[in-house]
Amino acid sequence: VIQLGQPEHALLTTCAYCGVGCGFKAEMKGNTVVRMVPWKDGQANEGHACIKGRFAWCYATHKDRITKPMIRERITDPWREVSWDEAIGYAAQRFQAIQAQHGRDAVGGLTSSRCTNEETYLVQKLIRAAFGTNNVDTCARVCHSPTGYGLGQTFGTSAGTQTFKSVEQADVVLVIGANPTDAHPVFGSRLKKRLRQGAQLIVIDPRRIELVNAPHIRAAHHLALRPGTNVAMITALAHVIVTEDLVNEAYVAERCDAKSFNDWRAFVARPENSPEAFEAETGVPAAEVRAAARLYASGPNSAIYYGLGVTEHAQGSTMVIGIANLAMACGMVGREGVGVNPLRGQNNVQGSCDMGSFPHELPGYRHISDTTVRSQFEAVWGVPLNPEPGLRITNMLDAALDGSFKGLYCQGEDILQSDPNTQHVSAALAAMECVVVQDLFLNETAQYAHVFLPGASFLEKDGTFTNAERRISRVRQAMPPLAGLADWQVTVKLANALGYPMHYAHPEEVMQEIAALTPSFAGVSYAKLERLGSVQWPCNDGTDEAGTATMHRERFVRGRGRFLITQYVASDEKVTRRFPLLLTTGRILSQYNVGAQTRRTENSRWHDEDRLDIHPHDAQERGIADGDWVGIASRAGETVLRARLTEKMQPGVVYTTFHHPGSGANVITTDSSDWATNCPEYKVTAVQVSKVPAH
Ligand code: SF4
């Protein structure tokens, strides 16, 4: 247990790791945090915490923190420590030179789902108003962008429908492509408690995740499908609902668009969409799929929770739509105990998306081409805005290699480690004339940076995070920024250096602007958060004071729920004799994403390397024993890891994590991405695995 002395005072804040957004009491001695205690009144966690939030916060004062701004002319030059003014002036001058020569769209920026709402709002404002381009994107691109598209198209807004507490009223829980006990542990515990009370569990996942047979829990159905066949599975489940008269006709008639429903019903009823027709593709016995569909439809309250195993596919958006279709057809949206719930990976994925971090949307998911909306922002921001959507990160990287994109401002994201096909990312970064990285540590992307701006941890700033249940909670400054400035202050300085005036004395003023311009945030204020602890958007005049616990109660946000066709298309990543196995990736309990924070804490004791999980049968065929080094080659690249033999894997499928830069899981993932949003297909890579000499 980390205890750095006796606390003298305490303040309330929010965990900076996963999308559960647990409330914590930071116990302080002077300006030093000595302990993080889960807040008993925190609405998202009710006094619980996991080993990340409770113990893995010492990265904030780790010796690797960069606390001085640095610049260099070329990426081969040594870094030179400079003042904030010199670093920001240098960055502004390089960006301006690029824009003068190559046009305003030759630069862009990335907001971070690790930063506060106020900070992401300011970065997208900087890009749109100061740079004059819509080339802004976010790390949510590579995780939950298909959620934005799929739920927006069907329900009318990109958000989970429930509170976490709602699971306590679920009778059937369908977990798809998520591993809540590792990735969202506090919600995972809540879910397990409900399952131990007797709720039925269906898991759709290629791996036998812990929930499948946790103590005193036994999944009624584990549909261990082959990676890349999600849409076949959801369509097969829908086929059973429709052909076995399991549709909630009254709900659909009252709440949903009739034409889209009839088109969808006719589509899924086709024989080629039956569980039997898809059996060879998914690898799951049709009888098992039929039984699972009947159980889901029987409820009476059935809730769906899904994760990146849904979104990070070439058909990620189609799968999100398929999930929404299924829930609407069975009448499982709009009350407690049901719903469609994306489990967001990072602490502020929901918030960064809400804040207009996508190139086609202003805050509140309003399209940039909407003249009325744009004029509201123009009036407050004082500049005309470009009505054309900008580039996504994938397009920015491609354009860098084409020579038309030259400068990137990257706040709080390590794209060289987290984005797929590392070779492509590094070549694109190397081709740029100005890369500005703002982060806590000299991350992988910083190898290609010309300016490094030290970031501030969540303990060093004020603001808000929005968790996966749309809950907006305060982040409170426990200690002064180690580098002297919080991230929002750096963005403000950069905007001013670029000639666009930005003046905020405190993040509260930024939130006032957000609330005035963003309908879903109308009614949100620091005073209300102080009084209530947290609120769930929407939180305006038409809702309870604390906001909206359950979305789409009387009607969907878009009016009537819309069904869309989910035509299954097999992944381009096919197994061949050369690449006979499918690799899928994920996370473990003690580590977090690229590990930049957790690897610098006590948590590294529990996990010191990424390993390749392989079924004993596949291992035996290749002469691989537990702990052997293995080479993993894909069409994109190759890497070396140690093997772990486990029957949690199905034969033909291997798995690894991406918490360590050296192992380079993303060296082997490919450029394949979601058709609607370009979210990378991290979850399906055809690979060859072979034993190699000790490494
Ligand atoms: Fe932090 Fe998520 Fe763990 Fe809660 S469950 S303590 S938010 S990492």
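A residue is called buried when its relative accessible area is under 20%, exposed when over 50%, and partly exposed in between (1.4 Å probe, protein chains only). By this criterion Cys539 is buried, at 1% relative accessibility. The model is predicted, so local features need pLDDT of at least 70 and side-chain atom pairs count only at pLDDT 80 or more, whereas totals for chains, interfaces and linings use all residues. Residues are numbered from 1 along each chain as its sequence is written, and side-chain values use heavy atoms, with hydrogens and water left out.

The cysteines may be considered next. A disulfide, taken as a pair of cysteine sulfur atoms within 2.5 Å, does not occur in the structure. Cys330 has as its nearest cysteine sulfur that of Cys256, 11 Å away; Cys330 is buried, with a relative accessible area of 4%. For Cys539, the closest cysteine sulfur belongs to Cys353 at 20 Å, too far for a bond.

Helices here are DSSP runs (H or I, at least four residues), numbered from the N terminus. Helix α11 covers residues 286-298. Its 13 residues reach 18 Å from first C-alpha to last, close to the expected 18 Å, where the expectation is 1.5 Å times one less than the number of residues. Among its buried residues are Arg290 and Tyr296. Gly299, with a positive phi near 45°, follows α11.

Helix α3 (residues 117-131) packs against helix α19 (residues 487-497) at about 10°, with axes 9 Å apart. The two are therefore roughly parallel, a term for angles under 35 degrees. Their contact (heavy atoms within 4.5 Å) includes Leu122 and Leu126 of α3 and Trp488 and Val492 of α19.

Key: Axes are lines fitted to C-alpha atoms, for helices over the stretch in contact, and angles run from 0 to 180 degrees between N-to-C directions. Angles under 35 degrees count as roughly parallel, over 145 as roughly antiparallel, 65 to 115 as roughly perpendicular and the rest as oblique.
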